Amino acid sequence: MIPLLPAGHLPQPFDAAFLDNPYPRYAQLREEAAVHRVALPDGSPIWLVLREEDVRAGLTDTRLSVNKAHSGTGYKGFSLPPALDANLLNIDPEDHQRLRRLVSKAFTARRVEGMRGSVQAAVDRLADDLAGQGGGDLVSTFSLPLPLMVIGDLLAMPEADRRRFATWVSNMLTPESPRQIKDAVENIHAFLLDLVATRRRALGDDMLSALIAVRDEGDQLTEDELVSLAFLLLMAGSENTQHLISAGLVTLLQHPDQVAELRADPSLLSEAVEELLRYAHPNQMAIRRFPTEPIEIGGTQIPAGDTVMLCLASAHRDPARYPSPDEFDIHRQDKAHLALGQGMHYCLGAPLARMEIQIALHTLLRRFPRLDLAVPPEQLPWRVSFRSRALKAVPITLR
């Protein structure tokens with residue numbers, strides 16, 4: 001039984017060494033116990049679940065609610081207004097299934113597959129920019145704008161607003177001060193309210209218009225749910241994809257034998273992307289959860305209402321599930337990762353994310369046979385927090 005120490009006396013694992021490289025810390029904690037009670041950087045107490053078996057089970061355990069109403073400790077997180085908070089990540093089964101069904105009407109497999117040509121065109125345009133510069137920063141020139149172009153076109157978001165939105169999301173996820181979170185949330189909130197109001201006055205063929213039509217035809221989508229869904233689609237559709245393209249290319253370049261295989265046989269790329277989702281996904285944690293009743297995880301009793309965080313990054317490096325988990329291997333047999341969720345909360349945009357990453361990496365490897373990092377990998381700058389780990393810049397040369 002883990003002693004319930006006061007929050008001020010809890011271990012704080014998210015220190016400078018963790019931020020530099022979290023994986024050794026995860027390995028140490030995972031070896032010591034399946035679950036640890038620790039403090040977040042702001043001092044908030046959480047239960048950190050580390051082993052793959054427990055993380056996988058936790059993602060589908062209906063006793064672990066994602067609704068903050070079940071928090072017994074006053075958890076506030078980003079303190080989102082209702083118009084941003086009523087999204088699929090924060091809603092339990094009954095409302096979640098209703099919302100997911102409505103979103104699925106607009107986010108169809110046919111619509112996603114129909115975007116393949118436009119995604120390739122966007123990738124080619126950005127690759128042309130890289131070629132014209134002879135290289136440069138992959139993040140600002142390629143991996144950041146690509147998903148903004150794709151999801152921006154899907155929602156018919158004005159081009160001038162796309163990078164501003166990405167900056168606000170970045171400031172919210174890895175802030176330099178609490179004020180930065182508040183400002184980012186306020187800017188996102190005002191922007192999306194205006195975007196929905198503008199679109200309602202002139203509906204088009206985009207997905208936001210389709211979602212507005214569902215709401216306005218008297219279906220079950222409330223105004224807060226509509227704006228929250230737009231927020232989730234834009235944030236999830238841009239944030240994770242851009243970082244996985246950057247980290248994915250860096251990972252591949254550090255494994256030249258596997259890059260040679262991918263160039264010789266592009267059909268291997270789908271398998272490589274699944275391994276990248278396990279090995280290099282930016283999300284460290286799944287969204288926080290709150291037990292609706294006392295619950296046992298990994299032999300540890302957790303009281304109802306406490307905050308539980310399921311550590312995806314630790315689960316993906318758990319040797320009990322993945323042999324030699326710290327090695328990147330496109331031929332790995334077990335590719336059943338958790339990067340895109342599990343069960344009810346499986347990512348609706350997974351097919352689009354996979355398509356973007358595969359097309360992006362395939363095009364870069366095909367067009368630039370001499371592409372390489374312009375600096376040693378250890379000099380690459382990372383944007384890090386307990387929530388995410390992403391590259392700020394990736395200087396490349398095309399030689």
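Which residue forms a salt bridge with R321, and how far apart are the closest N and O atoms? The partner to select is D334, and the closest N and O atoms of R321 and D334 are 2.5 Å apart; a salt bridge here is a side-chain nitrogen of Lys or Arg within 4 Å of a carboxyl oxygen of Asp or Glu. The pair links distant parts of the chain, with R321 and D334 each in the loop between α16 and α17 and 13 residues apart. Helices, numbered from the N terminus, are DSSP runs of H or I with at least four residues, and strands are runs of E with at least two.

Before moving on, note that this is a predicted model, in which local features need pLDDT of at least 70 and side-chain atom pairs count only at pLDDT 80 or more, while totals for chains, interfaces and linings use all residues. Residues are numbered from 1 along each chain as its sequence is written, and side-chain values use heavy atoms, with hydrogens and water left out.

**Stop one: the salt-bridge network**

Keep R321 and D334 selected: R321 counts as partly exposed at 26% relative accessibility, and D334 is partly exposed at 23%. In these terms, buried means under 20% relative accessible area, exposed means over 50%, and partly exposed lies in between, with a 1.4 Å probe and protein chains only. Salt bridges that share partners join R321 and D334 with E52 and R56 into one network.

R56 and E52 are separated by about one helical turn, because they stand four residues apart in helix α3, residues 52-60. An α-helix has 3.6 residues a turn, so residues three or four places apart point the same way. R56 counts as buried at 17% relative accessibility, and E52 counts as buried at 4%.

**Stop two: from the loop to α15**

Select K335 next, together with E271; their salt bridge has its closest N and O atoms 3.4 Å apart. K335 lies in the loop between α16 (312-315) and α17 (350-367) and E271 in helix α15 (residues 269-280), so the pair ties together parts that are 64 residues apart in sequence. K335 is buried, with a relative accessible area of 17%, whereas E271 is partly exposed at 35%. A search of the whole structure finds 19 salt bridges.

In the loop between α16 and α17, select R332, which counts as buried at 7% relative accessibility. The side chain of R332 reaches the backbone oxygen of E327 at 2.8 Å. With neighbours within four places in sequence left aside, R332 is in contact (heavy atoms within 4.5 Å) with residues including E275, R278, Y322 and E327.

Follow the chain into α17, whose 18 residues should span 26 Å at 1.5 Å a residue, and whose end C-alpha atoms are 26 Å apart, which agrees; the expected span is 1.5 Å times one less than the number of residues. Among the buried residues of α17 are A350, M355, E356, I359 and L364. A350 has a relative accessible area of 1%, and its C-alpha atom is separated by 21 Å from that of V227, 123 residues apart along the chain.

Now select helix α13, residues 223-253, which has 31 residues and reaches 46 Å from its first C-alpha to its last, close to the 45 Å expected. This helix is mostly covered, with 27 of its 31 residues buried.

**Stop four: enclosed and open spaces**

The whole structure holds two cavities of 30 Å³ or more. On a 1 Å grid over the protein atoms alone, a cavity is a set of points where a 1.4 Å probe fits but cannot get out, a pocket is an open set with protein on both sides within 12 Å along at least five of seven lines, and lining residues have an atom within 4 Å of a point. Grid points are joined across faces, edges and corners, and a volume is the space filled by probe spheres set on the points.

To find the second largest cavity, of about 60 Å³, select lining residues including Y23, R278, Y279, L312 and H316; α15 and α16 each supply at least two residues of that lining.

Finish at the largest pocket, with about 630 Å³ of space. Of its 25 lining residues, P41, D42, I181, F386 and R387 lie nearest its centre, and helix α11, residues 178-201, gives the most to the lining, with three residues.

Definitions and conventions
A polar contact is a pair of N or O atoms within 3.5 Å; within protein, one must be able to donate a hydrogen and the other to accept it, and residues adjacent in sequence count only if both atoms are side-chain atoms.
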